[in-house]
Amino acid sequence: MEGKPKRRAAAENGETAEDLVLATLIGNGEDLGPIVRHAFEMGRPETLLHQLKNVVKKKEVEIEELCKTHYEEFIRAVDELRGVLVDAEELKAELSTDNFKLQEVGSVLLIRLEELLECYSIKKNVTEAIKMSQNCVQVLDLCVKCNDHISKGQFYPALKNVDLIEKNYLKNISVKTLRMVIETRIPVIKSHIEKKVSTQFNEWLVHVRSSAKVIGQTAIGHAATVRQRDEEMLDRQRKAEEQNISGIGDFSYTLDVGDFDEDSILKFDLIPLYRAYHIHTCLGIKEQFREYYYRNRMLQLNSDLQISSSQPFIESYQTYLAQIAGYFIVEDRVMRTAEGLLSAEQVEAMLETAVVKVTSVLEIQFSLMDSATHLLLVKDYVTLLASTLRQYGYEVGPVLETLNKSRDKYHELLLEECQQQIVDVLANDTYEQMVLKKDSDYDNNVLAFNLQTSDIMPTFPFIAPFSSTVPDVCRIVRSFIKGCVDYLSYSAHSNLFEVVKKYLDRILIDVLNEAILNIIHGASIGVSQAMQIAANITVLERACDYFIRHAGLLCGMPIRSVERPQSGFAAKVVLKTSRDAAYIALLTLVNTKLDEFMALTENIGWTSEEVTANANDYINEVLIYLDTIMSTAQQILPMEALYKVGSGALDHISYSIVSAFLSDSVKRFNVNAVMSINSDLKMLEAFADERFHSTGLSEIYGGGGGSFRNCLMEARQLINLLQSSQPENFMNPVIRERNYNMLDYKKVASICEKFKDSADGIFGSLSSRNTKQNTRKKSMDVLKKRLKDFN
C-alpha cells in the first residue's frame, strides 16, 4: 500500500520510461554492455550515469524496505553468522596449523620432487642419447659391413645394406654431420658397385664368347652321336629285316632313347650375368642393363658371323658354325633363366641376323668349292648345326634351303670325281678275267655286289667272268650312292629314294655308259678286250639291281618295295644297248681278223688240174681262231652273246667265201677249186655243229632252225649249185626257194661267168672225160644264158 505512493513519488521525482527500462534490464540480470556502448557512442554518458544512479537509489530504497520487513529474521541470521564466524576462526587456526606442518613436510618433498624431475629430465636426455648412439652405431655397423662386402666383392649384400640404411636409418640420424657424410657416400658406393659389376660383366662377355666355340662343339658332337646311334639302329633293323625275308628267322629291334641332360653336358657359368642383372635391377637401372646386354651381344654375334680371311673356309667352317651354335645355346639359357633380361623378340632378331648372314656365307662358299667331299663335309656339319639349334627351339629353314640349292652342284662335282675314277679304272684295266684266290677275295669282289650266279661257294682259285673293272666300278657307284644319300639325308625331300635313283641313273648313263662307249669306239682295243668289255657290261647290268637295292636300303625304304622290279630304271636299258654295241664292236673286230685269214683264199688253186688232198691253209687258221674265240666267249659271255659271236663269225665266213668267188683277183675257177672249198666248208660245218651242241646252244636255239650250220647256208648253197648236175634248176622258183633261197641273182651270175669247166685248154681235156660232165656243162651254160637274160 505504501508502494504505490512511492512509485508515484518516483514518477514525480523525475523517473522516466528509460529509467524503468534500465531498472527492468538490471532486475532481469541482462547485459548492459550494448546500452553503455550506445550511450558513449551517442555522447551522452552523463544521462546514463544519472539513470544508473537513479536505479541505485531505487534499489537501496527497496533493500531498506525489505530489511524493515525481515528485521527479526535478519537479526537471527546475523547471530547465526557470528556463530559461524567463530567456528570459521577456529577452523582457520587449525588450517593454519595444519598448513604450517604441511609446509614443513612439503618443502622437503618439494626439494626431492625437484631433484626427481631433474633426474627424469637427465634420464630422458640419456635415453635419447643412447638411442641416438645406438642408431649411429647400427648405421656405422652397416657401413662397416657394406665396406667389408665391397672389399670382398659381395656387391649384392653391400647394396642391401645401403638400401637398409637409406630406408630405415638415414632419417633417424640426429647427428647432422654423420648424416651428411652418409648421404654423400651412398651415391658414390652405388656408382662404385655399378662400375665393379659392369667390369665383371664385361669380363664375362669376353669369357662366354671364347667359350661359345667349345659349347657349340660339345652340343654338335652330342647331336652327331645321337645321329650315329640312330643310323646304327636303322642298320641293325635293315639287317634284321633282310634275315627275316631270307627266312633265317624272326627279328626284333628296340630304340634306345638316351636322355639329354643339357646342364650336365653343357656347363657354362652365368652367375656373373645373374649378379649384374640383379644388381642393376636393385639400382633401378634394369632397362639400361637390358639394352646394354642386348647391344653388346649383338656386336659379338656380328663379329662371330664374319668368316676368317686367314685360312680357307674348309679349314674353319667347324669353328665358325660351332661358335654360332654356342652363342644361341647361351642365349637360350639366358632367356629361360634370367627372367626378363631377354625377350623372345630380341632372340628372334638375333636368330634372323645369324640366319641371313650364314645363308649368304654358305651360298658364296658353296659356289667357290670344287670338291664334292668338301661340300659334303660342310653340309653334314650344317645339318648337325640345324639339328642342335632345333633342340633349343630355333628354326633355321633358310640355311637348310641353301643346301637344297647346292644339291645339283654337289652332284655335278661328285659325278665329275666319279667320272675321273671310272675313266682311270677303265684305262688301267688289262681286261683279263679276275682270278680270285681265296674266299675273302670272292666276298669282296663278288658277294659284296650280288654278282654271283650261284649260291654255291666255288672252289679256289676261281676265275670270274669279269675283269677288275666290274668290282672297281661297283665300288665307285656304291660310294656315289652313299654320297648322294649322305647329302640328301636330313633335308626336306618327300621322296628321297626317287631323287637318289635319278642321280644313280645319271652316273650309270652319263658317266659309266659314256666311258664304256668311248672305250668300245676307240681304236686301241682288241678282240679279247672287246669280249671282256661285253662280258663286263652284262655283269654291270646285273649289278644295277644291287645298286637300286642298296640305294633303297640307305634311303630307309622297306625291303619288299625295293625288291620290286624297277620299271623306271633307265640305266639298265641303256647298258643293254651299250652291251649290244659291245657285241657289234666285238663282231667287227672278229670279222676284221677273219678277213685277214680269209684273204689267204687268194692262194687257193682256183684253176688247179687236181683236187688238193689237204685242207687249204686259210681254213686251219680260221678254225683255230674260231676255236679260241668260242672257248673264251663260252667262259665269260652269256649264252645269248655266245650265240651272237658264233653265228656272226660263221655268217661273215660264209659271206667271205662267197666274196672270194666274186673277187676281182679270181678271174676264173674250175670244179677242183669248188671241191676244195667244199672240203673247207665241210670242216666249218662240222666245227659249227660240234660247238652248237657242246656249248648247250642247241637246247636253246635248236628248235627254230637257228643252228650255227645255218649261218654258213649262203656258202653251202653256192657250193651245192656249182656242184649240181643241173645248175639250171636255180631258175626254177620252186627249187630255188627250197635249195638256193640265200643266193642272189647277180652274185650267182657273176660267179657262174667265172666258172670255166670247158674243153678249152686244160678244161677241154677234163670236159671230154665223161658224158655227165658234159651234161652239167650244158646245164651251166643254160643257167648263164638265162641269168644274162634275167639281168
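In this predicted model, P461 is placed in the loop between α16 (439-445) and β2 (462-463), and the peptide bond that joins F460 to P461 is cis, with an omega of about 5°. Most peptide bonds are trans, and most residues other than glycine have a negative phi. The loop between α16 and β2 also holds N450, which has a positive phi of about 55° although it is not a glycine. With a relative accessible area of 35%, N450 is partly exposed. A positive phi of about 55° is likewise found at Y431, again a residue that is not a glycine. Y431 belongs to the loop between α15 (407-428) and β1 (435-436), and its relative accessibility of 10% means that Y431 counts as buried.

The buried residues of α9 are P272, L273, A276, Y277, I279 and H280. Because these residues cover an arc of only 165° around the axis, they lie on the same side of α9. After α9 comes G284, a residue whose phi is positive, near 80°.

Y277, one of the buried residues of α9, also takes part in an aromatic cluster, which is formed together with F201, W204, F289, Y292 and Y293. In the structure as a whole, the count comes to 24 aromatic pairs. Among them is the pair of F313 and Y317, which is tilted, with 6.3 Å from centre to centre and 40° between the planes. Both residues lie in helix α11 (residues 313-337), and because they are four residues apart there, about one helical turn separates F313 from Y317. An α-helix has 3.6 residues a turn, so residues three or four places apart point the same way. F313 is buried, with a relative accessible area of 7%, and Y317 is buried as well, with a relative accessible area of 5%.

Rings are also found beside charged groups. The charged end of K379 sits over the ring of Y487, at 5.7 Å from the ring centre, while the charged end of R736 sits over the ring of F730, at 6.0 Å from the centre of that ring.

Salt bridges number 27 in the structure, and helix α17 (residues 469-488) contains the pair R475 and D472. The closest N and O atoms of this bridge are 3.1 Å apart, and since R475 and D472 are three residues apart in the helix, they are separated by about one helical turn. R475 counts as partly exposed at 29% relative accessibility, and D472 is partly exposed with a relative accessible area of 28%. A further salt bridge is formed by K482 and D486, the closest N and O atoms of which are 2.8 Å apart. K482 and D486 are likewise in helix α17, and their spacing of four residues corresponds to about one helical turn. Here K482 has a relative accessible area of 40% and is partly exposed, as is D486, for which the value is 26%.

The salt bridge between R709 and D689 has its closest N and O atoms 2.5 Å apart. This pair links distant parts of the chain, since R709 lies in helix α26 (residues 708-711) and D689 in helix α24 (residues 671-694), 20 residues apart. At 33% relative accessibility, R709 counts as partly exposed. Through salt bridges that share partners, E685, D689, R709 and R716 are joined into one network.

When neighbours within four places in sequence are left aside, S654 is in contact with C711, L712, M713, E714 and A715. K160, in helix α6 (residues 155-169), counts as partly exposed at 43% relative accessibility. Between K160 and C146, which are 14 residues apart in sequence, the distance from C-alpha to C-alpha is 8.5 Å.

Technical notes: Residues numbered from 1 in each chain as written. Predicted model: local features only at pLDDT ≥ 70, side-chain atom pairs only at ≥ 80, totals over all residues. Heavy atoms only, no water. Phe/Tyr/Trp six-rings, centres within 6.5 Å; stacked < 30°, edge-to-face > 60°. Helix = DSSP H or I, 4+ residues; strand = E, 2+ residues; numbered from the N terminus. Buried < 20%, exposed > 50% of the residue type's maximum accessible area, 1.4 Å probe, protein only. Lys NZ or Arg CZ within 6 Å of the ring centre and 35° of its normal. Arc of directions from axis to C-beta. Contact = heavy atoms within 4.5 Å. Salt bridge = Lys/Arg side-chain N within 4 Å of Asp/Glu carboxyl O.
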